[in-house]
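Me: I'm new to this structure. Could you take me through one part of it, the salt bridges, and take your time over it?

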Amino acid sequence: MAGCETIANRRVLFVMAAEQEYGPHLRQRFTPLMTGVGPVEAAMAMGIALHALERQGGLPDLVLSLGSAGSRICELGEIYQVASVSWRDMDASRIGIPKGVTPFLDHPVDMPLMTPLPLRTARLSTGANIVGGEEYAAIDADMVDMETFAIARACQRFDVPLMGLRGVSDGPGELEGISDWMQLLSLLDERLAATVDLLPDALGASDRLHGRIFRAETQRRGD
């Protein structure tokens with residue numbers, strides 16, 4: 001099982017779905033937990049991994065889910081930070097529960113994620129289907145994937161923060177086959193790796209900000 005990488009004194013667990021997205025540039029930077037494709041595989045793999053790390057006394061300080069996504073709004077080949085994630089498969093609206101909300105659980109339709117990087121953000125929708133063509137029109141989000149919501153729920157169970165990075169691999173036109181999805185993966189590998197390189201400064205800046213807030217609060221209370 002993949003372990004945590006240390007970045008800016010934080011334990012970071014990188015998570016990806018498929019080997020096809022894990023190219024040579026990313027391989028130089030980290031070894032990810034590979035979940036497999038889809039929300040069921042992602043939830044199972046993420047839950048098992050976090051449970052094992054908890055038992056070892058080494059839960060991550062941050063989980064980073066990254067890979068490809070489809071979009072008809074975001075630019076093809078570009079990298080986006082995930083502002084929030086929703087679950088497009090969940091629909092209990094017949095019993096008065098908003099679409100996207102799991103019955104008897106208290107969570108918003110759009111669950112916010114950490115966004116520490118100086119990078120464009122986009123709303124992400126997770127589901128068990130590969131989206132194409134006119135199906136995008138029915139989805140209330142900027143991008144689509146098949147794993148992030150499941151990973152977010154597992155992280156919530158263990159009280160671990162989550163951030164997401166997605167490179168847009170497809171969306172314009174019709175997705176005709178696996179080769180259409182794979183066409184830009186080498187470019188996204190390079191661009192995702194460059195984005196990961198921004199993490200040390202971003203997380204370090206976050207620590208410095210939290211330190212200033214803590215000191216200000218301490219001074220205000222007179223501790």
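**A network of salt bridges**

Reply: Let's start with four residues: E75, E78, R120 and R191 are linked in a network of salt bridges. A salt bridge here is a side-chain nitrogen of Lys or Arg within 4 Å of a carboxyl oxygen of Asp or Glu. As a general point, side chains of opposite charge can pair when their charged atoms come close.

Before going on, a word on the model. It's a predicted one, so local features need pLDDT of at least 70 and side-chain atom pairs count only at pLDDT 80 or more, while totals for chains, interfaces and linings use all residues. Residues are numbered from 1 along each chain as its sequence is written, and side-chain values use heavy atoms, with hydrogens and water left out.

Now the pairs themselves. The side chains of E75 and R120 meet with 3.0 Å from N to O. They come from distant parts of the chain, 45 residues apart: E75 sits in the loop between β4 (62-70) and β5 (79-87), and R120 in the loop between β6 (111-112) and β7 (121-126). Helices (H or I, at least four residues) and strands (E, at least two) are DSSP runs, numbered from the N terminus. E75, at 45% relative accessibility, is partly exposed, and R120 is partly exposed too, at 38%. For these labels, buried means under 20% relative accessible area, exposed means over 50%, and partly exposed is in between (1.4 Å probe, protein chains only).

E78 and R191 also form a salt bridge, again 3.0 Å from N to O. Here the two residues are 113 apart: E78 is in the loop between β4 and β5, while R191 belongs to helix α5. E78 has a relative accessible area of 23% and is partly exposed, as is R191 with 31%.

One more pair is worth a look. R123 and D140 meet in a salt bridge at 3.3 Å, N to O. R123 is in strand β7 and D140 in the loop between β7 and β8 (143-145), so this pair ties together parts 17 residues apart in sequence. R123 is partly exposed at 25% relative accessibility, whereas D140 is exposed at 57%. Across the structure there are 10 salt bridges.
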